[in-house]
Amino acid sequence: MPAITPDLKRVCSLSNLRKAWNRINSSRKYDYKNYFRHLYKSYEISLEDNLRSIRERLKSGTYKPSHAVKIYLPKKSGLLRVFSLLSVEDQIVYQAFGNIVAENLSSKARAHYNSNNFGHHFAGVHSEFFFKPWEIGYNKFKSEFKKSFRAGLIYTATFDYTAFYDTVDHSVLSHLLEDLRFTPEFCQNIIEYLKYWTCTEPCEAKYHSHGIPQGPLTSGIFGEVMLTYVDTTFCKGPQPYRYMRYVDDIRILSVDELGVKKAVMRLDILSKRIGLFPQASKLSLHKITDIDSELKNVSNIGELNVIKEKILAT
């Protein structure tokens with residue numbers, strides 16, 4: 001059996017695989033879980049044997065991911081959003097990697113919780129949940145936005161990335177994971193799995209070098225690896241503006257229009273440095289006239305899940 005690195009040992013430990021299983025089952029992403037409830041029940045009948053089997057294959061380097069099943073969901077624009085259904089075993093492996101990534105990212109990301117970053121907050125090493133309830137961050141976001149507005153930051157800009165999950169560059173992600181003290185072997189494994197899970201033409205083996213699967217709970221933490229880099233770099237030192245992020249929905253506030261424009265240009269350059277691109281059509285720079293109406297334009301995770309469930313039920 002080949003030697004494996006300490007971080008890969010953490011991934012394939014039985015305790016981490018059990019935690020991955022529990023976090024998948026405790027997830028509030030009901031739109032995703034509804035596809036698998038019957039499979040989860042069957043898998044759990046021989047859970048310990050199944051987890052040991054995954055562990056041995058991960059340790060020996062013989063674990064082979066399956067291609068994801070793709071579902072295409074209509075968007076308001078008329079285009080389609082790709083929803084990736086991973087096999088139960090792949091969900092467990094993906095979550096097992098996500099657990100370890102979240103632990104290493106935690107100290108860097110927590111510095112921005114409820115000040116700059118208000119979504120996808122890691123629940124903690126010992127929690128059966130992966131993320132804290134979305135309502136906490138969403139309500140804090142609204143509270144802090146109102147506080148900034150009342151303090152005189154009356155100009156704002158919305159900043160949204162084009163197909164964020166689909167455009168995450170694997171080489172950039174690998175580099176940022178190495179910055180979090182993961183070994184090249186760890187990065188190589190997860191990047192190889194991502195190629196299978198993001199492939200849209202498996203019969204032709206057309207593998208991408210970008211993207212993380214939309215749908216699984218775990219993708220949130222790999223998105224946070226990218227966005228935490230933006231948080232920490234953009235928010236260094238005192239700034240004449242306020243930067244606030246709810247998942248990948250970014251708002252900038254300043255006392256005047258010029259301050260917002262300068263911040264947007266700086267954020268644009270920083271984002272492109274790691275292969276992320278803003279949607280020009282969604283960039284809106286304006287003076288806030290009604291704070292309540294302004295906040296209605298920020299979608300929350302819970303609402304998005306309800307919308308998806310309605311679409312899938314039709």
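Biologist: How much space lies in the largest cavity?

Modeller: In this predicted model, the structure holds two cavities of 30 Å³ or more. The space in the largest cavity comes to about 100 Å³.

Biologist: Which helix gives the most to the lining of the largest cavity?

Modeller: The lining includes Ile 24, Tyr 40, Gln 91, Tyr 94 and Pro 216, and its residues divide into six nonpolar, four polar and two charged. Helix H3 (30–33) and helix H6 (88–110) each supply at least two of the lining residues. With three residues, the helix that gives the most is H6.

Biologist: Which helix provides the largest share of the lining of the second largest cavity?

Modeller: The second largest cavity, with a volume of about 40 Å³, has among its lining residues Ala 102, Leu 105, His 120 and Glu 224. Both H6 and helix H11 (219–234) supply at least two residues of this lining. The largest share, four residues, comes from H6.

Biologist: Which helix gives the most to the lining of the second largest pocket?

Modeller: The second largest pocket holds about 220 Å³ of space and is lined by 16 residues, with Ile 4, Leu 8, Leu 58, Lys 59 and Asn 189 lying nearest its centre. Helix H1 (6–11), helix H5 (47–60) and helix H10 (184–198) each supply at least two lining residues. The helix that gives the most, with four residues, is H10.

Biologist: Is Cys 199 buried or exposed?

Modeller: A residue counts as buried when its relative accessible area is under 20%. Because the relative accessibility of Cys 199 is 0%, Cys 199 counts as buried.

Definitions and conventions:
Residues numbered from 1 in each chain as written. Predicted model: local features only at pLDDT ≥ 70, side-chain atom pairs only at ≥ 80, totals over all residues. Heavy atoms only, no water. Buried < 20%, exposed > 50% of the residue type's maximum accessible area, 1.4 Å probe, protein only. 1 Å grid on protein atoms, 1.4 Å probe; cavity = no way out; pocket = protein on both sides within 12 Å on 5 of 7 lines; lining within 4 Å. Points joined across faces, edges and corners; volume = space filled by probe spheres on them. Nonpolar A, V, L, I, M, F, W, Y, C, P; charged D, E, K, R; others polar.
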